[in-house]
Amino acid sequence: MQTVFYIVLCVINGIFSLTAVLGNFATLGAIWKSPSLHSQPSNAFIFGLAMSDFGVGLIVQPAFIVCLINEYTQESRSRGTAWTVFKSTQAVFVAMTVLTLTLVSLDRVAALTFHLKYNCIVTFRRACSALCLTFITSIAYGISLPIFEFLHGVLSTTIVSSCLVINLLAYLVIFRIARRHHLAIQAQAVEVNQQSGSTFNMNRYRKSVISMLRIFILFILCYLPYNFVRVCLNFEVWNPPLPRDTVLLALRFSGSLVYANSSLNPLLYCWRIRELRLGMKGFMKSLC
């Protein structure tokens, strides 16, 4: 039974590793090659999210497979070091994902709150600078794990909880203001052309918000089971304690679901963002 468990885990992560690399490579290529895409600040944040997911497929999941093999073969000499390196690397990309999703939410709030000055406030260069700061912060966060384990734990709780709260508040603000704008347009529009233009812009904005909200919800659904298992283990809520094999089963499979998020995001881009879907098709055709 244990052998089947590890084989299934390795196969699942091997498949999702390949799909994450291919899907996010197509996303990165589409944004990079299409002038209409890589000049928009919002797409810069999607580019950063795709980079994080690409790293998960290229580095984190293969490293996870190696750690699983070491765990199964009882390679005690390399197992501790392998898991430490893996956890530190994983922390970097998880932090990148969480922080970039927060930037996406704040960007959508800025677009709605300062819609007349948005292009002056949120420029492509500033978006890239914010992404660079996010990447530097994520690397520092990952390095802190093997050096200052207690500090890493504090940072982990602070970063994740703060970003989740910020994201939830951001989307609440977005839908509240968007509803107010929609009602104001219906009640106060005098000229037909003005009304049509405003409605079109609001509809396009609402579509982009819904797309980003779906990405955030997908992130929550993929990360929630693993965090639930971790919380239960830390507070020892299971009484009597579960067998070690059962705990490992829950941890490893819920962890695999976390990594599957990196493969599902490109599918969501293709489904919800037409410009990006066309850009990905064009980029893949140029490689053939």
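In this predicted model, helix H1 (residues 2-33) and helix H10 (residues 274-287) pack at an angle of about 100 degrees, with their axes 8 Å apart. The two helices are therefore roughly perpendicular to each other, since angles of 65 to 115 degrees are counted in that class.

**Contact of H1 with H10**

- On the H1 side the contact is made by Gly23, Phe25, Ala26, Thr27, Gly29, Ala30, Ile31 and Lys33, while H10 contributes Leu276, Gly279, Met280, Phe283, Met284 and Leu287.
- By residue class, this contact divides into nine nonpolar residues, four polar ones and one charged.

**Salt bridges**

- Two salt bridges are found when the whole structure is searched.
- In one of them, arginine 252 pairs with glutamate 71, and the closest N and O atoms are 2.7 Å apart.
- Because arginine 252 belongs to helix H9 (residues 244-272) and glutamate 71 to helix H3 (residues 41-73), this pair ties together parts that lie 181 residues apart in sequence.
- Arginine 252 is buried, with a relative accessible area of 12%, and glutamate 71 also counts as buried, at 6% relative accessibility.
- The side chains of aspartate 107 and arginine 108 form a salt bridge with an N to O distance of 2.9 Å, and both aspartate 107 and arginine 108 are buried.

**Serine 88**

- Serine 88 is located in helix H4 (residues 76-113), and its relative accessibility of 13% places serine 88 among the buried residues.
- Leaving aside residues up to four places away in sequence, serine 88 touches Gly142, Ile143, Leu145 and Pro146.

Key: Residues numbered from 1 in each chain as written. Predicted model: local features only at pLDDT ≥ 70, side-chain atom pairs only at ≥ 80, totals over all residues. Heavy atoms only, no water. Axes fitted to C-alpha atoms, helices over the stretch in contact; angles between N-to-C directions. Helix = DSSP H or I, 4+ residues; strand = E, 2+ residues; numbered from the N terminus. Parallel < 35°, antiparallel > 145°, perpendicular 65-115°, else oblique. Contact = heavy atoms within 4.5 Å. Nonpolar A, V, L, I, M, F, W, Y, C, P; charged D, E, K, R; others polar. Buried < 20%, exposed > 50% of the residue type's maximum accessible area, 1.4 Å probe, protein only. Salt bridge = Lys/Arg side-chain N within 4 Å of Asp/Glu carboxyl O.
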